[in-house]
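Please look over the chain shown here.

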Amino acid sequence: MRKMANVGGVLIGGGNPIVVQSMTNTDTNDVAATVAQTMRMVEAGCQLVRITVPTMREVEALQQIKERLRAEGCAVPLVADVHYRPEVAEACAAIVEKVRINPGNYVDKRRFEHLEMSEEEYAASVQAMADRAHPLFDICKQHGTALRIGVNHGSLCDRIVSRYGNTPLAMAMSALEWMDICQQTDFQNIVFSLKSSNVLTMIEATRLLHEKMLERETLYPLHLGVTEAGAGDEGRIKSAAGIGALLLDGIGDTVRVSLTEAPEKEVSPALLLANVQALAAQVRSRHDGETLTLECDEPDRQRWMIATAAFAGHELIHHPYKKLTINNIHFPTEERENVADMILQACRIKMTRTEIVSCPSCGRTQYDIQGTLAKVKARFNGYPDLKLGVMGCIVNGPGEMADADFGIVGASAGKVCVYRQKERLTAPLEVDEALSKLEALIRDFRR
Ligand code: SF4
């Protein structure tokens, strides 16, 4: 049975068209800025707008944002993004049309310490989670609020990791645990997402969850996204390869293209992906067993990149091709080869540059993450064996980039800390000072 979520009248799943959504990156307490950004996103075609709500203080701001938007005639459904604080999620559920929670930190936490659990401990932990979640479901039911259960590879809790490792299966099982506890109280207005900055992990986890839902004969809507995809061509290509590969198999009901750019710029690539079947029909393909060759003479650069990356992502996960050739009469050889390299890197077939993961930023970010990402790319882009993180905040950033070799993480107003994997190496520093420290670390790492 195909389930559908109703988010303030926007229907997700159940055969409805793919819904496009994005997230503000203003300080939620700056009500005027958040309202203005939301309206720009809606004007660009965004159908759902997510806003971070870290504490009860931002709950008040959220109420005001909603009132101002409605007074301006903007009816877009709002989604509160909540981590760590069940009481904040419960308060938001009475205000906005949807709440996103993260099973990795709603009750359980990731502390990288409690990695062995007996059956009894495991069962008690699941029961504690259910007990804490049921009041949220009651509030959602009372107010007609939808819930996204948003699992992130970088923030799986210790309990799940203790049983399934840090794997795509663990991500799917984390979602299934929440599916069970939602069904215990017959709460059905739910959407699931399984995100990772690794395209293959995100695809595998989502396919696993989809298969397991098919086995249970209950198909809840799926939200698709590649987290920390970065910016520019790379971010668009990584997102299109992951999201497109799933949509072309008929998996997925709503999408967010997550870029370290202004959120309104996420909307046009997301709208293209929402119509990926038509877009991919422009691409012709052939192969010789090892090399996949794609032909697409679309003249619009972004349409061409998204169509090609989505089509290639789908082919490359289903077949063992090792090389990719892209033809388009409108773009020079060097540009086509560069796009092919970015697609192969996104699908982890051939690494030709530093892998840089960077979050889209949100109201928790207090430094110029877009400028910092540009500097990191300019200085450190040529190392295929290196993975770097550029993250907006110290709350979620270190966990989400835990498999990066090094990272820059926002710490306080205008300041960042340097990390080696999940270990913080410095006090808060100015960005340029942190980049010099990073340069020295990379030099040592590569010796
Ligand atoms: S890691 Fe980035 S997107 Fe995630 S909560 Fe922190 S600032 Fe926001």
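The notes below describe a predicted model.

Strand β1 covers residues 4-7. Strand β2 covers residues 10-13, and four bridges join the two strands. They run antiparallel.

Strand β1 has a covered face with Ala5 and Val7. Its uncovered face has Met4 and Asn6.

## Three-stranded sheet

Three strands form an open sheet in the order β11-β12-β13. Its pairing is mixed. The edge strands are β11 (284-287) and β13 (323-327), and each pairs on one side only. Neighbouring strands are turned by 20° against each other on average, direction ignored.

Strand β12 (residues 291-295) runs parallel to β13, and five bridges join them. Within this pair, Leu294 has Ile326 of β13 as its bridge partner.

Helix α11 (residues 301-318) packs on the sheet. The helix touches β11, β12 and β13. Its direction makes about 150° with that of β12.

## Ligand surroundings

Which residues come nearest to the ligand? They are Cys359, Cys362, Gly392, Cys393 and Asn396, out of 13 residues around the ligand.

By class, the shell has six nonpolar residues, five polar ones and two charged ones.

Note on methods:
Residues are numbered from 1 along each chain as its sequence is written. This is a predicted model: local features need pLDDT of at least 70, side-chain atom pairs count only at pLDDT 80 or more; totals for chains, interfaces and linings use all residues. A residue is near a molecule or strand if its C-beta atom, placed from the backbone, lies within 6 Å of it. Ala, Val, Leu, Ile, Met, Phe, Trp, Tyr, Cys and Pro count as nonpolar, Asp, Glu, Lys and Arg as charged, and the others, Gly among them, as polar. A residue is buried if 20 or more other C-beta atoms lie within 10 Å of its own, exposed if 12 or fewer, and partly exposed in between; C-beta atoms are placed from the backbone. Two strands pair if DSSP finds at least two bridges between them. Axes are lines fitted to C-alpha atoms, for helices over the stretch in contact, and angles run from 0 to 180 degrees between N-to-C directions. Two residues are in contact if their C-beta atoms, placed from the backbone, lie within 7 Å.
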